[in-house]
Amino acid sequence: MRIPIHREGWRFAAVAGLAAGVVSLVSRRLGKLLWALTAFVLYFFRDPEREIPQGRERVVSPADGTVVAIDRVDRCEFIDGPAKRVSIFLSIFDVHINRSPIAGEVKLLRHQPGKFLPANVEAAAIENEQNTIGIADGEYRVVVRQIAGIIARRIVCSVSVGEPLAKGDRLGLIRFGSRTDLYVPVSTEISVSVGDKVCGGVTIMGIRE
């Protein structure tokens, strides 16, 4: 039976749990705080199973969080033309697993070092450390961009170029608060609005032609 905690979380929980055990021998009050921290670490790295909507035309959310912006960019490199962008802000209380919005093949992976500005500001999309994942299903292409935030200091990507993906497959995660941007062709009809709460692999973000 699969334990719904991402493997990245176990070492953090182990360190916090060890510290809690040692400190508890000296101070019960401080020990309780560290045990609470251990529990939060496990909560943060939770990795629940999801029921993925069927239908090739449905593009699902790449992340849990709140939609903070929907706009159009003049050019998206992998889509090779204009694109619609949906930006999702992930608080420390959201599930931080990123998922594939469509079934397809990983065609592009690119890591960009950068700053750690608050993930909910526009400059973060350009200046922050980020990881770009391009996924193609025939001629239809999407981009998932994992963007680090002011607290997040590491982006984890668990896929590689050439890897086939089912819709909703796990792409990786960003540790401790972040942003995930989804780029889709302009022909895609967006199904969400700014302020909506979305669920990775479940919420339908748009309908493709």
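Predicted model: local features only at pLDDT ≥ 70, side-chain atom pairs only at ≥ 80, totals over all residues.
Q: Why is Arg 208 called buried?
A: Buried means under 20% relative accessible area. Arg 208 has a relative accessibility of 9%, so Arg 208 counts as buried.

Q: What makes the pair Arg 208 and Asp 137 a polar contact?
A: A polar contact requires N or O atoms within 3.5 Å, one able to donate a hydrogen and the other to accept it. The side chains of Arg 208 and Asp 137 make such a contact at 2.9 Å. Beyond four places in sequence, the residues in contact with Arg 208 include Asp 137, Val 59 and Tyr 140.

Q: How do you know that S1 and strand S14 pair?
A: Two strands pair if at least two bridges are found between them. S1 and strand S14 (residues 204-207) have three bridges, in the antiparallel sense, and therefore pair. Val 59 has Gly 206 in S14 as its bridge partner.

Q: Why are strand S1 and strand S12 said to stand at the edges?
A: The open sheet has the order S1-S14-S12. Strand S1 (58-60) and strand S12 (189-190) each have a single partner strand, so one side of each lacks a neighbour in the sheet.

Q: What makes S4 and strand S10 a pair?
A: The requirement is at least two bridges. S4 and strand S10 (residues 170-174) are joined in the antiparallel sense over three bridges, so they pair. Asn 98 stands opposite Gly 172 in S10. These strands belong to an open sheet of three strands in the order S4-S10-S8, where the twist averages 25 degrees from one strand to the next.

Conventions
Residues numbered from 1 in each chain as written. Heavy atoms only, no water. Helix = DSSP H or I, 4+ residues; strand = E, 2+ residues; numbered from the N terminus. Axes fitted to C-alpha atoms, helices over the stretch in contact; angles between N-to-C directions. Buried < 20%, exposed > 50% of the residue type's maximum accessible area, 1.4 Å probe, protein only. Contact = heavy atoms within 4.5 Å.
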